Amino acid sequence: MGLEDRAAAPLRTESFRASRPQIVGPDVPQKPFPIHLSGAVQRGFGRGGKDLGCPTANLPDESIEPMSSVTDTGIYYGYAQVSREKDGKAVLSEDEGRVLPMVMSLGKNPFYKNERLTAEIHIMHDFKSDFYGHNMKAIVLGYIRPELDYTSREGLIEDIETDKRVALNSLARRAYEDFQRDPFFDLNDAHPRL
């Protein structure tokens, strides 16, 4: 059964929220992780930043196949890097071109009743401008929780904030931190070309 054929997401409950761990995953990433993703950042629905206070970078459908073929829908964590260049010019600052922690939703976002599978990455950094069209690389290192449906936007926002804390806590382990220097990322170039 493919991801497109899976059952509807369960509703998030208070008992689920109360039982959430603050660190997830083993001390060292295990299969199927790490998963490498890359592609040009595309415009999404525009809800992440405006509606949820959590701007996301959407990957093209074809770039999520390495992940969607080996994982379930849900929330994941890892690192991402956005190319500073667009159309041959450095647009983003060096700080914005670093490898940064991220959380990612892989799914149909049932609260919004999406009909197609998407990969939406929230890079934990305050970017000064958008980076649509820039190339982005991501290494997914672990799973946080299943995709859930919500009865309120506030409940969704609360879980997103918890997901960010869990991701940062989970990445603060040596075996995970080492992936910030993975050769998949452009680490030595002042203007990385992804």
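1. A contact means heavy atoms within 4.5 Å of each other. In this chain, 77% of the contacts with a separation of 6 or more join residues 24 or more positions apart.

2. This is a predicted model: local features need pLDDT of at least 70, side-chain atom pairs count only at pLDDT 80 or more, and totals for chains, interfaces and linings use all residues. Residues are numbered from 1 along each chain as its sequence is written, and side-chain values use heavy atoms, with hydrogens and water left out.

3. Next, the overall layout. The chain has five helices and eight strands. Both are DSSP runs numbered from the N terminus: helices are H or I with at least four residues, strands are E with at least two. Along the sequence the pattern reads α-β-α-β-α-β-β-β-β-β-β-α-α.

4. How much of the chain is buried? Of its 194 residues, 47% count as buried. Buried means under 20% relative accessible area, exposed over 50%, and partly exposed in between (1.4 Å probe, protein chains only).

5. Check the loop between helix H1 (14-18) and strand S1 (35-40), where Pro32 sits. The peptide bond from Lys31 to Pro32 is cis, with omega near 15°. Pro34 lies in the loop between H1 and S1 too. The bond from Phe33 to Pro34 is cis, with omega near 5°.

6. Look also at Asp87, in the loop between strand S4 (85-86) and strand S5 (89-90). Asp87 is not a glycine, yet its phi is positive, about 55°. Asp87 counts as exposed because its relative accessibility is 72%.

7. Most residues other than glycine have a negative phi, and most peptide bonds are trans.
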